[in-house]
Amino acid sequence: MGGRDRIRNRNILVTGASSGIGRAAALQLAARGARVIAVARRAEELRDLQAEADGDIATYPVDLADLDALDAAADAILDEFGRVDVLVNNAGRSIRRPVTEQLDRFHDFERCMQINYFAAVRLTLKLLPPMLETGDGHIVNVLTWGTLVPSPRFSAYIGSKSALEGFSRSIGAELQPRGIDVTTVHYPLVYTPMIEPAADHYRHMRGLSAEQAGAWIVKAIRKRPARVAPGYAVIGGAHAFAFPKITEWIAGRFPF
């Protein structure tokens with residue numbers, strides 16, 4: 001199947017579509033002929049997205065951290081569209097804070113796990129049956145290059161994304177023989193509203209724009225690789241595997 005056919009006339013659900021990477025990806029996919037199903041908490045921003053789109057975008061305002069609301073939205077989407085061909089689990093929460101400042105902040109870890117892991121897993125399980133019935137589907141899970149190398153000050157965020165990476169690798173091995181691909185996208189720094197609480201720390205660092213990051217998702221859907229990641233992150237991950245203590249020493253002295 002050609003890369004373009006994996007987008008045109010396909011039902012592609014993108015979470016976290018009201019801003020940042022999800023918004024950019026939704027616009028790019030709609031412009032390429034996809035039927036985009038945009039899911040996010042903020043209804044007004046979703047309406048703005050729909051008005052701006054050069055293509056077909058349906059919107060579903062829902063707080064994915066509310067699993068009952070997530071289930072109801074997934075059921076409504078399946079009732080309307082019949083199936084989702086591609087699920088992009090992009091919605092996320094990032095917290096940059098040293099673990100020594102989280103000793104009484106267990107809720108940091110709960111909040112990250114709720115949206116970054118449990119919501120993504122729950123939505124995947126809800127939308128997987130029609131993919132299994134037809135023997136075709138694609139799940140794209142948005143991660144970070146920080147799951148490949150040690151990432152000081154991001155224990156809550158990286159912990160939740162690492163859980164999603166493990167889930168992705170496991171189901172990828174199970175589902176690939178049944179025609180369903182799973183792709184993990186390991187982003188470097190992307191300039192989106194999610195990083196605003198730590199904007200001063202990042203202001204001199206190079207990173208991707210939301211539009212550039214959205215293009216990574218488009219390419220992932222066209223190509224269906226197992227993983228999308230910067231080359232330096234892959235090399236860093238190999239170094240971390242071979243020389244974990246040295247890599248930790250370096251990362252601890254040059255925190256991201």
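## Second largest pocket

The lining of the second largest pocket is made up of four nonpolar, five polar and five charged residues; Ala, Val, Leu, Ile, Met, Phe, Trp, Tyr, Cys and Pro count as nonpolar, Asp, Glu, Lys and Arg as charged, and the others, Gly among them, as polar. The model is predicted: local features need pLDDT of at least 70, side-chain atom pairs count only at pLDDT 80 or more, and totals for chains, interfaces and linings use all residues. Residues are numbered from 1 along each chain as its sequence is written, and side-chain values use heavy atoms, with hydrogens and water left out.

Of the 14 lining residues, E165, R169, T184, A226 and R227 lie nearest the centre of this pocket. Helix 5 (155–175) and strand 6 each supply at least two residues of the lining. The pocket has a volume of about 270 Å³, a volume being the space filled by probe spheres set on grid points joined across faces, edges and corners. On a 1 Å grid over the protein atoms alone, a pocket is an open set of points with protein on both sides within 12 Å along at least five of seven lines, whereas a cavity is a set where a 1.4 Å probe fits but cannot get out; lining residues have an atom within 4 Å of a point.

## Cavities

Two cavities of 30 Å³ or more are present. The largest holds about 40 Å³ of space and is lined by V39, V62, L64, L70, A73, A74, I77 and L123. Its lining has eight nonpolar, no polar and no charged residues. Helix 3 (residues 67–81) gives the most to this lining, with four residues.

The second largest cavity, with a volume of about 40 Å³, is lined by T15, L64, N89, A91, I115, A119, A120 and L123. Here the classes are six nonpolar, two polar and no charged. Helix 4 (residues 106–134) provides the largest share of the lining, four residues.

## Nonpolar cores

The largest nonpolar core has 32 residues, of which I12, L29, V88, Y187 and I221 touch the most other members. Such a core is a set of buried Ala, Val, Leu, Ile, Met, Phe, Trp, Tyr and Cys residues joined through side-chain atoms within 4.5 Å, buried meaning under 20% relative accessible area (1.4 Å probe, protein chains only). Helix 1 contributes the largest share, six residues; helices (H or I, at least four residues) and strands (E, at least two) are DSSP runs, numbered from the N terminus.

Leaving aside residues up to four places away in sequence, L29 touches I7, I12, V14, A34, V36, V218 and I221, with contact meaning heavy atoms within 4.5 Å. A second, separate core of 19 residues includes I37, V39, V62 and V84.

Technical notes:
Buried means under 20% relative accessible area, exposed over 50%, partly exposed in between (1.4 Å probe, protein chains only).
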